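Please take a moment to look over the sequence and the fold shown here before reading on. The paragraphs that follow go through the structure one part at a time.

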Amino acid sequence: MREDLLNELMNEYAAQRAENEKQEAGRRERIRSGHPEIEALAREREELVFGTIRGILDGNAKAENLPEKMQELNRRIGQKLQEAGFPTDYLAPVYRCATCRDTGYVGDTVREPCECLQKAYQQKLRDRIGLGNNPDETFEKYDASLIPDEPVNGTGITQRKLTAIAREQCEKWADQYPEVKQRDLLLTGGSGLGKTFLMRAMAARLVERGMNVLIVSAYTFLQMARKSYFESENGVRELTDVPVLMLDDLGSEPLMQNITVEQLFNLLNERQNRGLSTVISTNLNLQELRERYTERVASRLNNPKNCLILTLAGRDLRKFER
Ligand SMILES: [Zn+2]
């Protein structure tokens with residue numbers, strides 16, 4: 001687990017516990033000030049617990065019949081609460097997760113993360129790396145039957161086969177990283193051919209393998225680049241530092257000549273100089289990339305020694321009905 005995310009989660013859990021206590025105190029106050037009969041029973045229950053603990057500490061244990069007495073008191077309190085229009089558990093401890101009581105951990109001798117913490121961690125991780133909310137975007141969930149099994153113009157093979165080849169290459173890359181032949185990967189092809197799916201499946205696999213990945217849309221990249229251009233602070237530092245950067249849908253962002261091209265070149269250049277991997281998906285082909293971002297940028301990608309180029313083609317899958 002990433003320590004920065006875990007720390008954030010521990011702070012959130014602490015805040016939740018404080019919130020629980022506040023809620024418990026508020027409920028208790030409401031009973032104390034308006035329902036003396038229930039209050040008396042609640043006090044009796046507290047006295048029963050503390051009295052027993054005192055008794056045990058003093059050496060004259062009076063723990064006998066405690067569960068029966070407790071059960072009876074709980075029943076009476078529940079009944080009175082219900083009569084007064086409250087839920088029967090109104091005075092019970094408040095938790096979001098009853099398993100760990102919002103501590104995030106379970107077990108006395110061996111402390112293990114509670115299921116709720118593991119779930120929250122996975123969600124936070126997905127959010128942080130831009131993986132989205134769809135857990136089905138993985139190689140395991142890849143469904144070839146969703147892809148037309150029709151020949152693609154000019155390739156001699158079907159769209160299903162063409163996509164299967166790209167999928168295989170992407171999975172292999174994600175499995176072998178960082179021991180990959182080509183450090184960068186470019187996924188090109190029209191809209192709706194599954195590029196983003198493949199990119200997220202790669203990210204999911206890399207995360208599974210404990211690798212540090214970040215997915216940003218080209219639009220978000222431009223926002224960040226603009227900010228660092230005008231405010232002359234390095235807002236794209238995270239993008240230059242992350243071991244695997246995935247830039248989604250390059251070409252869909254508005255073009256701001258000085259900023260987009262310059263910052264994109266700097267980003268690719270610095271990452272390549274540092275031996276870091278960049279995965280890019282784009283609707284543009286190499287010629288269009290060159291026209292939009294200049295030869296300087298295109299040549300960073302159009303280099304088979306460093307960059308694995310996978311081209312998808314065929315019909316838009318979102319419009320394809322089986
Ligand atoms: Zn829990």
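At what angle do the axes of helix α1 and helix α4 cross, and within what distance do they come? In this predicted model, the axes of α1, which covers residues 3-34, and α4, which covers residues 115-129, cross at roughly 125 degrees and come within 10 Å. The crossing in which α1 passes α4 is right-handed. On the side of α1, the residues that take part are Leu-5, Glu-8 and Leu-9, and they meet Leu-117, Ala-120, Tyr-121, Lys-124, Leu-125 and Arg-128 of α4.

The domain assignment divides the protein chain into domain 1, residues 3-119, and domain 2, residues 130-319. Taken over C-alpha atoms, the centres of domain 1 and domain 2 are separated by 51 Å.

A second pair of helices is formed by α5, residues 159-176, and α6, residues 195-208, which pack at an angle of about 25 degrees with their axes 9 Å apart. Since angles under 35 degrees count as roughly parallel, α5 and α6 are therefore roughly parallel to each other. Here, too, the handedness can be stated: α5 passes α6 in a right-handed crossing. The contact brings Ala-166, Arg-167, Cys-170, Glu-171, Trp-173, Ala-174 and Asp-175 of α5 together with Leu-198, Ala-201, Met-202, Arg-205 and Leu-206 of α6. Among the residues of this contact, 8 are nonpolar and 4 are charged, while no polar residue is present.

The strands come next. An open sheet is built from 5 strands, arranged in the order β4-β5-β6-β3-β7, and their pairing is parallel. At its edges stand β4 (213-217) and β7 (307-311), each of which has a single partner strand, so that one side of each is left without a neighbour in the sheet. Direction ignored, neighbouring strands of this sheet are turned by 15 degrees against each other on average. One of the pairings can be followed in detail: strand β5, residues 244-250, and strand β6, residues 277-282, pair in the parallel sense over 5 bridges. Within this pairing, Met-246 stands opposite Val-279 in β6.

Notes:
Residues numbered from 1 in each chain as written. Predicted model: local features only at pLDDT ≥ 70, side-chain atom pairs only at ≥ 80, totals over all residues. Domains from an automatic or database assignment. Axes fitted to C-alpha atoms, helices over the stretch in contact; angles between N-to-C directions. Helix = DSSP H or I, 4+ residues; strand = E, 2+ residues; numbered from the N terminus. Left-handed = near helix turned anticlockwise from the far one by under 90°. Contact = placed C-beta atoms within 7 Å. Pairing = 2+ DSSP bridges. Parallel < 35°, antiparallel > 145°, perpendicular 65-115°, else oblique. Nonpolar A, V, L, I, M, F, W, Y, C, P; charged D, E, K, R; others polar.
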